[in-house]
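Please keep the viewer open as you read.

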Amino acid sequence: MTASITDPVNDLAGSRFAMLPYIDELRSAEGLSHRLGFAVRPRRIRVKPGQSAIVAWQRDEPGHLGEFADWGFTAVMTSPDKLANARRRAARHGQDLTVHEAADPRSAGATGAVLVSGGVLADPRIGKHVARTLDHLGGDLEIIGYNPARRLLLKHTPIDGLPEIVRIAGDSQLHLVEAGQRWQRADLPSLPVEFVGGRDTATRSPWWGTGDLRDRPDPNIAEEVGVIIAELHRSAVAGEDGRAIGSPLDQLETVGRSLVRLLPERETVFAELLAELSRRLGPSRELREIHGDLSPDQVLLANSECRIIDLDRTGYGPVGVDLGRWIAACRVDPVQNGLERPFLDGYRSAGGEVVDPGAWTAWAMLVAALEPWRSCSAPWRDETKRIVDLARTALDEKVPTTQVAS
């Protein structure tokens with residue numbers, strides 16, 4: 001293998017985090033392009049430390065064969081059985097897996113590791129679901145998002161119909177359809193969600209709007225979203241039939257372990273932040289229905305109207321999750337900075353209570369601090385350290401971030 005030009009410090013951090021070979025290559029556009037024989041950009045990496053890693057890539061120059069030839073994955077597999085199963089599944093849909101190399105079994109942590117690549121239809125987890133869904137779609141297809149082994153997002157324009165967004169996942173999307181139905185019944189502005197082809201792993205919704213709130217920041221819409229989320233939070237208290245989200249503190253502990261492996265020099269800082277957040281957030285009192293992944297890019301716009309999308313993390317949880325995620329998004333990305341205050345003003349004006357926003361903002365920043373690494377950003381170290389510093393600043397806040405406008 002010809003070595004790519006990489007940062008030795010980042011390579012060491014990636015290998016230590018993943019406990020697998022080839023990780024630096026998977027995250028490097030240069031290394032991955034050299035391996036594949038054509039120019040690509042890594043889009044997102046998923047890792048199970050010591051077991052497997054998979055990265056989604058996209059060609060730099062679109063080919064003449066269409067969308068599904070321009071996207072694919074490259075993965076590290078350590079289980080011969082999983083590799084054999086992946087090959088069988090790919091062959092079932094007329095796809096091939098390319099085996100690039102097997103790591104030296106004498107190297108640390110590399111026993112049995114094999115580097116393989118394939119197209120989206122050969123994805124070891126969702127490939128079969130994609131193939132089955134395509135049987136029910138005609139017209140034009142455009143891939144707008146690919147999270148390997150997790151989900152594929154398509155813009156589908158039927159021959160005789162209006163565009164729609166199709167979401168294909170590896171697991172049942174019943175919770176997403178049910179969430180959409182709850183929001184529709186409560187007159188909360190979202191989009192209808194329906195299954196595709198009678199299977200519960202693929203859904204469709206209308207293609208709506210002219211952009212999202214991140215790309216087109218509008219304080220008036222942000223204030224309206226605050227009102228809508230306050231209505232959501234008071235719509236229902238958790239019951240036995242509710243879908244509870246995972247514990248925010250458990251989620252933070254899981255992310256914290258990964259952050260320590262990537263940035264061991266910040267271990268003391270992470271431990272202090274976790275201890276403080278555990279003290280201030282503690283066991284949740286009353287659980288309400290929440291969006292679960294709220295941010296300006298989840299708000300679609302059309303003139304003065306909006307729709308809130310991506311309800312797959314909706315469930316019963318602490319309302320601080322929604323508030324913290326929104327504030328964190330606005331502070332991490334300067335483009336969204338002006339959307340924090342109007343959102344909170346709208347939330348409070350509709351009766352929403354903001355309890356310890358600094359702690360929830362710090363929590364939201366930390367659970368998202370791995371995003372630069374996962375999205376294969378080259379300067380991920382600086383970006384992650386900046387996010388951690390912002391979390392420390394948020395945690396030091398002693399008063400609510402804003403007051404209701406008079």
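The report below goes from the chain as a whole to its nonpolar cores, its cysteines and a pocket.

This is a predicted model, in which local features need pLDDT of at least 70 and side-chain atom pairs count only at pLDDT 80 or more, while totals for chains, interfaces and linings use all residues. Residues are numbered from 1 along each chain as its sequence is written, and side-chain values use heavy atoms, with hydrogens and water left out.

The chain has 15 helices and 15 strands; these are DSSP runs numbered from the N terminus (helices H or I, at least four residues; strands E, at least two). Of its 406 residues, 48% are buried, where buried means under 20% relative accessible area with a 1.4 Å probe and protein chains only. Taking contacts (heavy atoms within 4.5 Å) between residues at least 6 apart in sequence, 67% join residues at least 24 apart.

The largest nonpolar core holds 48 residues, and Leu26, Val76, Leu277 and Trp363 touch the most other members. Such a core is a set of buried Ala, Val, Leu, Ile, Met, Phe, Trp, Tyr and Cys residues joined through side-chain atoms within 4.5 Å. Helix H13 (residues 357-367) gives the most to this core, with 8 residues. Beyond four places in sequence, the residues that Leu26 touches include Leu32, Ile45, Val76 and Leu115. A second, separate core has 31 residues, among them Val299, Cys306, Ile308 and Cys330.

| Residue | Relative accessible area |
|---|---|
| Leu83 | 12% |
| Cys306 | 6% |
| Cys330 | 0% |

Leu83 sits in helix H5 (residues 80-92). Leu83 and Val116 are 33 residues apart along the chain, with 8.9 Å between their C-alpha atoms.

How many disulfides does a search of the whole structure find? The search gives 0 disulfides, counting pairs of cysteine sulfur atoms within 2.5 Å.

Finally, the second largest pocket has about 510 Å³ of space. Of its 21 lining residues, Arg285, Glu286, Val319, Glu353 and Val355 are the closest to its centre. Helices H8 (219-233), H10 (267-281) and H11 (320-332) are the elements that give two or more residues to the lining. A pocket here is an open set of points on a 1 Å grid where a 1.4 Å probe fits, with protein on both sides within 12 Å along at least five of seven lines; lining residues have an atom within 4 Å of a point. The volume is the space filled by probe spheres set on the points, which are joined across faces, edges and corners.

Conventions
Buried < 20%, exposed > 50% of the residue type's maximum accessible area, 1.4 Å probe, protein only.
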